[in-house]
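Subject: Structure handover

Hi there,

Here is the structure I promised to pass on. Have a look at it first, and then read on for what I found.

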Amino acid sequence: MSLINDKDLEKLMNVRDKTCVSIFIPTQRAGKEVLEEKNKTHLKSLWKEVGTELKEKGLSEDKIAKIGKPIEALLSDKSFWRHQSDGLAIFAAEDFFEKYTLPVNFEAHTYISEEFYIKPLVPMFNEDSRFYLLALQLEDVELYEATTYSIGKVEVDDLVPSRLEERVGFDYKQKHLDFKTQNSGGENTIFHGHGGASEEVRKEEINRYFRAIDKGLDSVLHDERVPLVVATQDYLFPIYEKVNTYNHLVEKVIPGNPSDTDMLGLHEKALKILEPELEKTKREKTKKFNELNNTDNTGASVTDILPAVQQGKVDTLFLENRSEIWGTYNNENMNVSIHDDQQNGNYSLMNWAAKEVLKQGGNVFLIPEAQMPDKNSKMNALYRFN
């Protein structure tokens with residue numbers, strides 16, 4: 001999985017080109033769809049549509065081929081299509097290409113403009129709706145990235161030892177090592193081994209193993225600020241907790257052997273642990289908007305909100321997730337022109353507003369129509385307080 005971070009988003013937001021192509025498709029991780037290459041076929045179909053549209057816009061065959069070259073290469077990469085999550089986002093220009101496999105259920109969508117379309121990525125940057133889940137065993141290690149609504153595996157095979165013997169240099173199964181507990185409280189666990197080594201040696205072997213895992217995970221998690229939930233047996237968690245260096249480790253563990261539960265079951269258990277904190281900011285900001293609606297501290301008119309965005313006055317932007325607002329915004333005179341549909345020369349005003357608010361460190365939320373604070377508008381804003 002190609003994760004996306006703040007630096008990636010900043011890079012995407014700073015690209016300006018006469019022809020920027022953004023493509024989003026829903027994907028499946030496994031099953032019949034993967035075997036039949038439905039994900040690949042979907043991208044191929046959308047790229048064909050984009051190519052036709054670029055040709056209609058007057059772009060030369062050479063430029064279309066240059067933009068499409070990395071997409072065509074991706075279509076031929078069989079390994080890539082075997083490792084998908086919930087959604088695939090592709091950003092291509094003449095001298096730029098990035099792809100991200102993400103745990104977000106994108107709707108199929110293409111966008112051609114002088115900038116990339118980042119609106120569908122917004123859920124990845126709402127830190128209180130994302131988390132990581134580490135399924136930790138002595139025989140196996142799995143890392144998942146999740147949102148409130150989805151979960152996908154993060155490939156870490158080349159970063160962490162996948163089992164204890166890889167780190168300690170022998171096969172503990174062949175030596176009949178049996179880690180058991182006489183007291184499931186964790187700290188007072190007694191390790192019984194039949195390989196001739198003492199209890200302290202056993203603990204140190206696990207310590208070495210867990211330290212190696214922590215070091216490997218740091219390359220994925222070092223810039224993150226979202227929770228990390230661990231699913232493991234009770235006696236192992238205190239040992240991992242001591243060697244962990246990630247600042248947002250959740251103290252409450254998902255108990256039991258994680259191999260006894262599938263990925264979706266682990267996701268459900270993690271949500272129960274994290275429920276008090278998940279989407280807390282969105283709930284608080286929505287409540288504040290409702291308390292202050294129809295005052296100078298809120299906005300529901302696009303013509304009012306966009307100038308406020310430009311001036312850095314927007315604390316939180318609410319965008320209807322399945323809608324779009326087309327038009328243009330003039331930075332010099334703060335004039336907003338709204339159009340009924342997409343046409344030459346205009347662009348997504350929602351995308352423009354989302355980019356600017358994120359650059360300023362504000363909050364952006366994609367909201368279903370029924371949950372918009374002010375349902376009379378597709379765009380709501382909570383302003384900063386002076």
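Predicted model: local features only at pLDDT ≥ 70, side-chain atom pairs only at ≥ 80, totals over all residues.

**Two helix pairs**

Let me start with helix 3 (residues 38-56) and helix 4, which pack at an angle of about 175° with their axes 11 Å apart. An angle over 145 degrees counts as roughly antiparallel, and helix 3 and helix 4 are therefore roughly antiparallel to each other. On the helix 3 side, the contact uses Lys40, Leu43, Lys44, Trp47, Gly51, Leu54 and Lys55. Helix 4 answers with Glu61, Ile64, Ile67, Gly68, Ile71, Glu72, Leu74 and Leu75. By class, the residues of this contact between helix 3 and helix 4 are eight nonpolar, two polar and five charged.

The other pair is helix 11 (residues 302-310) with helix 12 (residues 349-359), where the packing angle is about 30° and the axes are 9 Å apart. That makes helix 11 roughly parallel to helix 12, and their crossing is left-handed. Helix 11 brings Val302, Leu306, Val309 and Gln310 to the contact, while helix 12 brings Leu349, Trp352, Ala353, Glu356 and Val357. Sorted by class, the contact of helix 11 with helix 12 has seven nonpolar residues, one polar and one charged.

**Salt bridges**

In the pair Arg225 and Asp6, the side chains meet in a salt bridge at 3.5 Å, N to O. Arg225 sits in the loop between helix 7 (199-221) and strand 8 (228-231) and Asp6 in helix 1 (residues 6-14), so the pair ties together parts that are 219 residues apart in sequence. Arg225 is partly exposed, with a relative accessible area of 45%, and Asp6 also counts as partly exposed, at 42% relative accessibility.

Asp95 and Lys66 form a salt bridge through their side chains at 3.2 Å, N to O. This pair links distant parts of the chain, 29 residues apart: Asp95 is in the loop between strand 2 (87-93) and strand 3 (96-102), and Lys66 is in helix 4 (residues 61-75). Asp95 counts as exposed at 67% relative accessibility, whereas Lys66 is partly exposed, with a relative accessible area of 41%.

Glu107 counts as partly exposed at 45% relative accessibility, and Arg322 is exposed, with a relative accessible area of 64%.

Salt bridges that share partners also join Arg16, Glu114, Glu115 and Lys355 into one network.

**A closer look at Lys355**

Lys355 lies in helix 12. Beyond its neighbours within four places in sequence, Lys355 is in contact with Met13, Glu115, Phe116 and Ile118. The C-alpha atoms of Lys355 and Glu10 are separated by 9.1 Å, although these residues are 345 residues apart along the chain.

Most residues other than glycine have a negative phi.

Glu279 is not a glycine, yet has a positive phi of about 55°. Glu279 lies in the loop between helix 9 (263-274) and helix 10 (280-292), and counts as buried at 16% relative accessibility.

Met334 has a phi near 55°, again a positive value in a residue other than glycine. Met334 is in the loop between strand 11 (326-330) and strand 12 (335-339), and at 31% relative accessibility Met334 counts as partly exposed.

Best wishes

Terms used. Residues numbered from 1 in each chain as written. Heavy atoms only, no water. Axes fitted to C-alpha atoms, helices over the stretch in contact; angles between N-to-C directions. Helix = DSSP H or I, 4+ residues; strand = E, 2+ residues; numbered from the N terminus. Parallel < 35°, antiparallel > 145°, perpendicular 65-115°, else oblique. Left-handed = near helix turned anticlockwise from the far one by under 90°. Contact = heavy atoms within 4.5 Å. Nonpolar A, V, L, I, M, F, W, Y, C, P; charged D, E, K, R; others polar. Buried < 20%, exposed > 50% of the residue type's maximum accessible area, 1.4 Å probe, protein only. Salt bridge = Lys/Arg side-chain N within 4 Å of Asp/Glu carboxyl O.
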